[in-house]
Number of protein chains: 2
Amino acid sequence: MPSEQMKSIFHRKTEQALSLGYTEPKGTLYLRETICNHLKTKGIEVTPPSVLIVSGGLQALQLISLGLLHKGSTIFHETPSYLTSVNVFQSAGMNLFDIPMDNEGVKTDLLGRLKRQHNGTLFYTIPSFHNPTGILMSNNRRKQLLDVCSKERLPILEDDVYGDLWFEQPIPKPLKAQDKQGLVLYMGSMSKTLSPGLRIGWLVGPEPVIDRLSDIKMQTDYGSSSLAQFAVAEWLASGLYDKHIIHIRKELKDRRDLTLHILDKYFSEVATWNNPEGGFYIWLKLNVKGSMDKLFKKALKEGILLNPGNIYDRNDSSHIRISYSYATPKQLEKGLIKLAQLIKENRD
Amino acid sequence: MPSEQMKSIFHRKTEQALSLGYTEPKGTLYLRETICNHLKTKGIEVTPPSVLIVSGGLQALQLISLGLLHKGSTIFHETPSYLTSVNVFQSAGMNLFDIPMDNEGVKTDLLGRLKRQHNGTLFYTIPSFHNPTGILMSNNRRKQLLDVCSKERLPILEDDVYGDLWFEQPIPKPLKAQDKQGLVLYMGSMSKTLSPGLRIGWLVGPEPVIDRLSDIKMQTDYGSSSLAQFAVAEWLASGLYDKHIIHIRKELKDRRDLTLHILDKYFSEVATWNNPEGGFYIWLKLNVKGSMDKLFKKALKEGILLNPGNIYDRNDSSHIRISYSYATPKQLEKGLIKLAQLIKENRD
């Protein structure tokens, strides 16, 4: 993370004043304007009143849970899903409902039927570099998804926190870019591309919805830090974001390549996996029998913290989420080689 | 607010690295250490594990509401009270219960009796420069309060966000400094002394309580911005805080003096008031009959937003909270002279 570059933001000559007072309820106008410019590069055309600055994805989900949904509502999501791993909606008394995926994303044919049968109120999706599977939803599937949701009047919550992290070629436009009916509520964040510690994200949607969520945000924490908002706005406006993201893509791609190389060499006997085109994750499927619980404990003893599949899908007992974003290449290599050995020893 | 000085924080040579990753759950160790040093100057001796960094007073109340209190609990507070003006506890299904004050603070003799009769679970107090009355609790009263609460086993939530804003002489030590039994949960913040936009405050209490609140904080927003935490730590550690607070005290005192001067000149016929020794507020008592509602509307038409007493005490119909902290001296003068005129015109 570019701490020194971040510090340099505060030396930069800029026409924008750093204001340390309470910010506008939706976040500083300066940051919301730079976010709008940033979103334009993805085909999303919005103006600052449709943008709410939040502290990140988790707070976005919390605000939606508090401000838009009712107890007992049913939230649809891909299976497996990041949503299952956080407790936001469940602890607010809502039900989660699994929709299966294939390699192109959520199965839209099932989505329509299940919506009618189970009365879903919202579909949560990570179309680009899905957590935990790394799947990139195809453009065709995106169109189908929008069609189905429009027909069934099922609002979409699009979580796009990994969308800028493609490796070799740009990806299909976000759902929000193709949303003509105000069906999509869109979440973005700096946590995956710049710094999780800044705690700056954004929610984009129809203005009355954003107004409502902004009220809740003010009642929760009086808005996000003006210092962090200023830093992110300058980061985007100065061009440092664009430079940094090129660097991050290369770093992540190198780690993905290293990870795939190690998987090929040590895991081909015991597992299969996907080749992600961006993002943080490989979804490793074990093809050997053996207790995941025991494997988890053995790995922990060796200093390896596994993310087993059942965090993301209660019924899963055969997957492990591999994240190549955090550990150093050396740690990755050492940990994965050890893991392969443990999987083999753990076979029934 | 010292925006340029705040920027200079990021040029400063320091041994502390700016880390942009997720911070420790309770906040960065560096900030918690500097807060502990800061609290030592007030007689509060604590270590970093007893300190949780929050986004300000409002979030502190939210975390306490979510993590420590049950639906149906009764929260005691001074009358009038800031607590009545925010909706945190009420919207979580708790009851608020009024305890009267005099010029030395809350009436501790009543507090003990009412605790037994009405089973209060927590007493919320602003002992120093109380919002909205400006009252400074005497040292004697502080001792009595601690005695009563210890005897009745009534935990105290001490809101000390104005404590550094004394004008002429230092004030009695916080309740927390005299708390030998872990009875006091203590709140502080940078919002009133440095900048509301930074969104940095702190909660100090017994370690198991802080552990619990820290868990809730992580589930809410994954912690406060590391950038803002770094800035506040540097602000304190560099000595800029101490310099700035001397400046702020002088500025505030000048405005209080101006306000008292205008009150003497224009309000003595229609109102009485206190002379605050610090903080932001004068609690103006109107001695003439007339509808507060009508006065509010007339003032609004003139561009003056009144804070009438019933925001802080449902049964109050005769007070207005005057804050001399925000408006410029010119605005203050103009607004107050107009208000005096409106009060006279509004007489029944």
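Hi everyone, let's start in chain B: strand β1(B) and strand β8 (residues 201–204) of chain B pair in the antiparallel sense over four bridges. Here, two strands pair if DSSP finds at least two bridges between them, and strands (E, at least two residues) and helices (H or I, at least four) are DSSP runs, numbered from the N terminus. In this pairing, Ile53(B) stands opposite Trp202(B) in β8(B).

Before going on, a word about the model: it is predicted, so local features need pLDDT of at least 70 and side-chain atom pairs count only at pLDDT 80 or more, while totals for chains, interfaces and linings use all residues. Residues are numbered from 1 along each chain as its sequence is written, chains are lettered from A and ligands numbered from 1 in the order in which they are written, and side-chain values use heavy atoms, leaving out hydrogens and water.

Back to the sheet. β1(B) belongs to an open sheet of eight strands with mixed pairing, in the order β1-β8-β7-β6-β5-β2-β3-β4 (chain B). Its edge strands are β1 (51–54) and β4 (105–106) of chain B, each pairing on one side only.

Over in chain A, have a look at an open sheet of four strands, ordered β9-β10-β12-β11 (chain A), with antiparallel pairing. Its edges are β9 (271–272) and β11 (307–308) of chain A. Two bridges join β11(A) to β12 (residues 319–323) of chain A, and there Asn307(A) stands opposite Arg321(A).

Now, how do the two chains relate? A rotation of 180° with 0.0 Å of shift along its axis superposes chain A on chain B, with an RMSD of 0.0 Å. That is the relation of a two-fold axis.

The area buried between chain A and chain B is about 3100 Å², and carbon and sulfur atoms give 62% of that. Buried area is the accessible area (1.4 Å probe) that two parts lose on being put together, summed over both.

Conventions
Copies are superposed by least squares on the C-alpha atoms of residues with pLDDT of at least 70 in both.
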